[in-house]
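Here are my notes for a first look at this one. Have the model open while you read, and take the points in order.

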Amino acid sequence: MNSDYVLLTGSTGLLGRYLLRDLLLREKRVAVIVRPSRRHSARQRIEEILQHWEKELDCPLPRPVVLPGDICEPFLGLDESDRFWVANHCTSIVHSAASLTFHADSTGEPERSNVGGVKHMLQLCEEARISEVHYISTAYVAGLTEDVVYEDEPRNEQDFRNDYERSKFQAELLVRSADFIGDLTVYRPAVIAGDSKTGYTNTYHGLYMYLKLMSVLVRNTEPGPDGVRFTPVQFDMTGDEARNIVAVDWVSAVICDLYMNPAAHGRTYHLAPEEPVTPRQIIEAGYRYYNSRGVTFSGKPTSGRAPISEIDHNTHSNIGMYKEYEVCDPRFDLTNLKSFAGHLPCPVMDEAMLHEFLKYGENDRWGKRKPALVPEFAYIEDHLVSQVTNVASPEQTATVNARLGRWRRRLGLGISW
């Protein structure tokens, strides 16, 4: 019986789909807990993600064990048979699932997923005797502070910018207080953006929301006689404030590297840049991408300021939920990160990377592009692969592999596993 699986939550989120890819590429056996959507089963959602990666990587990937569930339900929504399977096969968990809702809403988010989901994760792990826990928190459990935030510094209750930060702080306290956990590793990413090489993202929050707004406003502005688009917008800052934004592919690579290294376990890691980007750098990258001008920085916050243009009014009307992050951004200590993952330096968010983000967002119509349909045969193939994963004897493995080979030959795939 194979009993060295990692149980992964949040595999359909931006970071989660990278973690799934990178763990599979490292030949790690993976089981994922996935909530079915209105239109797709849990397995179909994972198949769509894996076909995306196979197309990008130009190579086949093994399929994980897919367990339909819901982090907002007791035991993560797993039925009794799936919980039995987890108890007999999974030795560790990477808990990536979370809600990014900033302010409490009528559904109970973000506390419902971020605090309740962690309680259900701990409930399942204790029952299944999973004592190795890798928990993905956020660097912003530090709350409102301009001090250096140390990785090993105990966090106390403090002021937070929003309910998201507070819920992640409470969730981290829960994980740290679980006495059955023998090996706890906590990862605290800063603000996660898209892929450093391709610009890929599946969510348009954070930095991408600013880039989308920039794209819409500038594209709707007619160029002047000199070909330059003039977009008068004023920000109440110097423009040189540090912004801790990191590329998702780097975050995943670091987490997987630390996960695969037992000597690195049992610590807390800030996944933040050594060279933060600034608002001025982001604006100037946009200038060159769109051949535009017009943004000014007033130098300090002002109250009751009248908009200097309609574009200025529209800009500030759309970024209200992120205004609280313009006040301050801490410096995050990277001592543990450099000690155990110093060979994976954080990519600098330069103009070329920002242009990739803009290009991908525009090509994706800022999330409105319809994904390619997953061929029906992929579901059949996925089912056969899962049988290979779960069979209990060499004879059964040979039988299922033969069926899988016949199916692939029929489709002309020519893929060897």
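How many aromatic pairs does the structure hold? It holds 15, where rings of Phe, Tyr and Trp (its six-membered ring) pair if their centres lie within 6.5 Å, and planes under 30 degrees apart count as stacked, over 60 as edge-to-face and the rest as tilted.

Before going on, note that this is a predicted model, with local features needing pLDDT of at least 70, side-chain atom pairs counting only at pLDDT 80 or more, and totals for chains, interfaces and linings using all residues. Residues are numbered from 1 along each chain as its sequence is written, and side-chain values use heavy atoms, leaving out hydrogens and water.

1. Start with Tyr 18 and Trp 53, an edge-to-face pair at 4.7 Å centre to centre with 70° between the planes. The pair links distant parts of the chain, 35 residues apart: Tyr 18 is in helix α1 (residues 14-25) and Trp 53 in helix α2 (residues 42-57). Helices here are DSSP runs (H or I, at least four residues) and strands likewise (E, at least two), numbered from the N terminus. Tyr 18 counts as buried because its relative accessibility is 0%; buried means under 20% relative accessible area, exposed over 50%, partly exposed in between (1.4 Å probe, protein chains only). Trp 53 is also buried, at 0%.

2. Next, look at Tyr 204 and Trp 366, edge-to-face with 5.6 Å centre to centre and 75° between the planes. They sit 162 residues apart, Tyr 204 in the loop between β8 (191-193) and α7 (207-219), Trp 366 in the loop between α12 (351-363) and α13 (376-390). With a relative accessible area of 15%, Tyr 204 is buried.

3. Tyr 18 and Trp 53 turn up again in one aromatic cluster with Tyr 200 and Tyr 360.

4. Do check Arg 243, in the loop between β9 (229-235) and β10 (245-247). Arg 243 is buried yet has no salt bridge, and the nearest side chain of opposite charge, Asp 329, is 4.6 Å away. Lys and Arg count as positive, Asp and Glu as negative, with His and the chain ends not counted; a salt bridge needs a side-chain nitrogen of Lys or Arg within 4 Å of a carboxyl oxygen of Asp or Glu.
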